[in-house]
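Student: I have a protein model open and would like to learn how to read it. Where do we start?

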Amino acid sequence: MSDVIEEKIKNYRTAPFDARFPNTNQTRNCFQNYLDFHRCNKALSDKGQDVAPCDWYQRVYKSLCPMSWVSKWDDQIGDGSFAGRI
């Protein structure tokens, strides 16, 4: 993993500004980072690569999303009824 990414993860405090989601309501940002984390894990796991770069997305969605949503989405993924495309 590059030193720049490692440094960003080390200094991580809270989700940085994302120009795709300029509004106060960060619901979509939360959901998108949740999807990005799972997509990243799937893509890198399928290639047999280290999934450490995906930790960034996990940290962002954990700081933005209510944990009740995350646990609900995790249950839906386990049941095969999750609405998002992973």
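**Contacts, core and disulfides**

Tutor: Residues are numbered from 1 along each chain as its sequence is written, and side-chain values use heavy atoms, with hydrogens and water left out.

Student: What is pLDDT, and what is its mean in the protein?

Tutor: pLDDT is the predictor's confidence in each residue, from 0 to 100. Where it is low, the predicted coordinates should not be read in detail. The mean for the protein is 86, and 87% of its residues reach 70 or more. Helices (H or I, at least four residues) are DSSP runs, numbered from the N terminus.

Student: Which residues make up the largest nonpolar core?

Tutor: A nonpolar core is a set of buried Ala, Val, Leu, Ile, Met, Phe, Trp, Tyr and Cys residues joined through side-chain atoms within 4.5 Å. Buried means under 20% relative accessible area, exposed over 50%, and partly exposed in between, with a 1.4 Å probe and protein chains only. The largest core here has 12 residues: C30, Y34, L35, F37, C40, L44, C54, Y61, C65, V70, W73 and F82. Helix 2 (27-46) and helix 4 (67-79) are the elements that give two or more residues to this core. Helix 2 supplies the largest share, 6 residues.

Student: How many disulfides does the structure hold?

Tutor: A disulfide is a covalent bond between the sulfur atoms of two cysteines. In the model, a pair of cysteine sulfur atoms within 2.5 Å is taken as one. The structure holds 2. C30 and C65 form a disulfide with sulfur atoms 1.9 Å apart. C30 lies in helix 2 and C65 in the loop between helix 3 (55-64) and helix 4, so this pair ties together parts 35 residues apart in sequence. Both C30 and C65 are buried.

Student: Which cysteines form the other link, and is it left-handed or right-handed?

Tutor: C40 and C54 form a disulfide, their sulfur atoms 2.0 Å apart. With -80° about the S-S bond, the link of C40 and C54 is left-handed. The torsion for C30 and C65 is about 120°, so that disulfide is right-handed.

Methods
This is a predicted model: local features need pLDDT of at least 70, side-chain atom pairs count only at pLDDT 80 or more; totals for chains, interfaces and linings use all residues.
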